[in-house]
Amino acid sequence: MISTVLSGYLIYQAKQLGASNWVLARMVGNTGLDFLLGSIPIAGDIFDIFFKSNRRNSRLLKKHLDRRNAS
């Protein structure tokens with residue numbers, strides 16, 4: 001649950017930085033998937049080892065900001 005709250009803050013910051021709706025939607029999807037599958041006992045722990053939603057979301061935001069700043 002704490003991880004989801006932190007993810008929410010990252011999404012909020014992305015919105016403040018002007019991330020596109022597509023990037024925000026993908027970030028919310030990553031966070032939702034992590035929350036849903038991560039809450040399953042044992043299988044969720046294994047899923048969490050391989051699926052890092054905050055890392056994915058950070059890369060999405062960085063890529064978006066790099067493209068925007070290159071223009």
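Start by selecting helices H2 and H3 (residues 43–50), which pack at an angle of about 145 degrees with their axes 8 Å apart. Axes here are lines fitted to C-alpha atoms, for helices over the stretch in contact, and angles run from 0 to 180 degrees between N-to-C directions. Helices are DSSP runs of H or I with at least four residues, numbered from the N terminus.

Now show the side chains there: Leu-33, Asp-34, Leu-37 and Gly-38 of H2 make the contact with Gly-44, Phe-47 and Asp-48 of H3. Contact means heavy atoms within 4.5 Å.

This is a predicted model, in which local features need pLDDT of at least 70 and side-chain atom pairs count only at pLDDT 80 or more, while totals for chains, interfaces and linings use all residues. Residues are numbered from 1 along each chain as its sequence is written, and side-chain values use heavy atoms, with hydrogens and water left out.

Next, centre on Asp-34, in helix H2 (residues 21–38). Asp-34 is buried and has no salt bridge; Lys-52, the nearest side chain of opposite charge, is 8.1 Å away. Buried means under 20% relative accessible area, exposed over 50%, and partly exposed in between (1.4 Å probe, protein chains only). A salt bridge needs a side-chain nitrogen of Lys or Arg within 4 Å of a carboxyl oxygen of Asp or Glu; Lys and Arg count as positive, Asp and Glu as negative, and His and the chain ends are not counted. Not counting residues up to four places away in sequence, Asp-34 touches Ser-3, Phe-47, Asp-48, Phe-51 and Ser-53.

Finally, move to Asp-66 in helix H4 (residues 53–70). Asp-66 is partly exposed because its relative accessibility is 42%.

How values were computed: Helix = DSSP H or I, 4+ residues; strand = E, 2+ residues; numbered from the N terminus.
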